[in-house]
Amino acid sequence: MPASTPLHIIVLAAGGGSRMKSLKPKVLQMLAGKPMLAHVLAAAKALNPARIHLVYGHLGAQVRAEINDSALNWIEQIVQSGTGDAVKLAMHHVPDGVRVLVLYGDSPALRPDTLEKLLQVPQPLCVLVSEVAAPAGLGRVQLDAQNRVLAIIEAKDATPAELAVNTVNTGVLTAESRQLRAWLAQLTPNNQQHEYYLTQIFEFAARDAQPARAVFTTDAFEGFGANDAWELAQLERYLQQREVRRLCQTFGLRVADPARVDVRCTSVEIGADVELDVNVILAGSVKLGAGVKIGAFTRICNVELAAGTEVLSHCDLDGVISTGACRIGPFARLRPGTKLAAGAHIGNFVETKKAHIGASSKANHLSYLGDVEIGAHVNIGAGVITCNYDGVNKFVTQIDDGAFVGSNSSLIAPLKIGANATIGAGSTITKDAPPEMLTLTRIAQVTRTWKSKRRRG
Ligand code: UD1
Ligand code: CA
């Protein structure tokens with residue numbers, strides 16, 4: 001088929017997935033931070049097809065809601081009577097004379113490059129196969145000396161001799177649409193599972209002297225599907241290793257241990273000389289400037305950190321922006337809406353939320369800073385709490401440049417602390433504190449002579 005032939009992709013995602021032992025449909029099981037099916041659809045989209053047809057069924061409403069993509073042609077398979085039946089349903093929406101690519105929604109590791117390679121084979125029928133040491137439940141591919149497919153036998157139907165074959169079906173095939181339709185019309189459910197197997201078409205093609213061409217994966221794991229939780233866990237490790245490798249090779253990322261970084265990102269951008277210590281999780285959208293260092297046991301989710309920012313160990317950052325080099329942690333929790341300017345320090349056991357921290361301002365120990373606007377060169381003492389919530393509404397605390405808030409003060413919002421104001425330690429501040437002045441609320445300390453009961457006794 002010429003390269004210009006339109007491409008229709010059929011993705012199968014209707015199966016029950018009972019082996020997963022989960023209340024969630026199999027294709028929505030999470031892998032590297034997104035549903036398994038989302039990985040398959042991303043690879044499909046990368047091929048720029050004319051149309052993607054998605055066959056869904058089991059817990060279909062959940063699948064539709066979660067994937068939420070109206071550009072797909074959603075086709076419901078009400079009774080899941082096999083992969084052959086699923087493709088047949090989708091073929092009602094595919095014209096003659098186009099190229100069809102079938103993908104399984106539970107095989108999420110396939111790279112667009114590999115699929116392109118398969119699409120380049122000018123054969124009317126082509127299948128992606130792998131050589132694996134322990135093929136267990138996978139379909140066995142019978143080949144002749146020229147890598148032409150004679151048949152694909154499902155494990156449940158195979159004789160011991162057929163099971164001894166190590167070449168397996170990945171489930172990925174390409175076909176000319178008119179031919180495919182003709183073969184699908186001949187499927188019979190004469191097998192152990194009484195299902196319409198898509199794999200039966202390979203027998204028909206061989207019979208019609210048009211045997212499928214088998215193309216081998218270079219990395220067997222790529223074609224691996226996840227039917228149960230153990231396979232899912234192995235795929236997770238495989239995808240993580242692959243993504244960390246990509247980040248190292250693309251951005252020069254330094255990792256202390258590639259096996260102890262997890263990437264669950266929707267997008268990642270990393271500058272030069274960024275370092276990740278062990279057990280770091282990157283999630284959501286992550287942008288790290290040059291020289292950023294992330295300490296051990298830290299999660300970074302939806303963050304943008306300016307060059308030179310250092311996050312020490314055991315921090316949790318979610319929805320954070322630093323606009324200049326600053327220092328965070330160890331043991332800090334930065335929640336959505338936190339924005340740090342150059343030279344800011346957020347230290348141990350400090351929690352921030354909707355907090356703007358100005359240049360060179362510091363909150364080094366034990367604080368809650370919520371709904372705050374903090375200027376430059378402000379010092380927040382240990383144990384300072386912004387009391388931003390009265391049980392119904394949230395209020396803002398504003399702390400202007402150069403202010404010094406003494407330790408263990410409660411700032412009852414709404415409140416403004418003026419520039420260069422000092423708040424005496426241990427104060428409960430309920431009204432605005434003027435600039436340049438000392439404000440404190442404190443009962444005078446008294447000292448008396450007395451004898452304690454212990455001394456009297
Ligand atoms: C299938 C192949 C097997 C191959 C393996 C690779 C068949 C008959 N067998 O087996 O040769 O080695 O994949 O991973 O094709 N689905 C539907 N509708 C259905 C049944 C299944 O949409 O009626 C979907 C499932 O959601 C799944 C995919 O098709 O995404 C594959 O089905 P599954 O039951 O997992 O097939 P396997 O037993 O893994
Ligand atoms: Ca499967």
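Let's start at Ser-322, which sits in strand β19 (strands are DSSP E runs of at least two residues, helices H or I runs of at least four, both numbered from the N terminus). This is a predicted model, where local features need pLDDT of at least 70, side-chain atom pairs count only at pLDDT 80 or more, and totals for chains, interfaces and linings use all residues. Residues are numbered from 1 along each chain as its sequence is written, chains are lettered from A and ligands numbered from 1 in the order written, and side-chain values use heavy atoms, leaving out hydrogens and water.

Is Ser-322 buried or exposed? It's buried, at 4% relative accessibility (buried is under 20% relative accessible area, exposed over 50%, partly exposed in between, with a 1.4 Å probe and protein chains only). Its side chain reaches the backbone nitrogen of Ala-306 at 2.8 Å. Setting aside neighbours within four places in sequence, Ser-322 is in contact (heavy atoms within 4.5 Å) with Glu-304, Leu-305, Ala-306, Thr-309 and Leu-340.

Now for the nonpolar cores, meaning sets of buried Ala, Val, Leu, Ile, Met, Phe, Trp, Tyr and Cys residues joined through side-chain atoms within 4.5 Å. The largest has 51 residues, and Leu-276, Leu-317, Ile-380, Ile-399 and Ile-417 have the most contacts inside it. Elements that each supply at least two of its residues include α8, β13 (261-270), β19 (316-322) and β24 (362-374). The largest share, 5 residues, comes from β13. Ile-380, leaving aside neighbours within four places in sequence, touches residues including Leu-369, Ile-374, Ile-399 and Val-405. A second, separate core of 33 residues includes Ala-14, Met-91, Leu-125 and Val-127.

On to the ligands. Which protein residues are donors to the calcium ion, ligand 2? They are Asp-106 (OD) and Asn-227 (OD1), 2.2 to 2.4 Å from the ion. Donors here are N, O and S atoms within 2.8 Å of the metal (3.2 Å for Na, K and Ca), and water is not among the atoms, so sites may look incomplete. Asp-106 lies in the loop between β6 (99-104) and α4 (112-119), and Asn-227 in the loop between β11 (213-216) and α8 (229-251), so the pair ties together parts that are 121 residues apart in sequence. Asp-106 is buried at 12%, and Asn-227 is buried at 16%.

Ligand 1 has an oxygen atom 2.8 Å from a side-chain N or O atom of Tyr-104, and an oxygen atom 2.7 Å from one in the side chain of Glu-154. Taken alone, ligand 1 exposes 750 Å², of which the protein buries 91% (Shrake-Rupley areas, 1.4 Å probe).

Notes: Polar contact = N/O pair within 3.5 Å; in protein donor to acceptor, adjacent residues only side chain to side chain.
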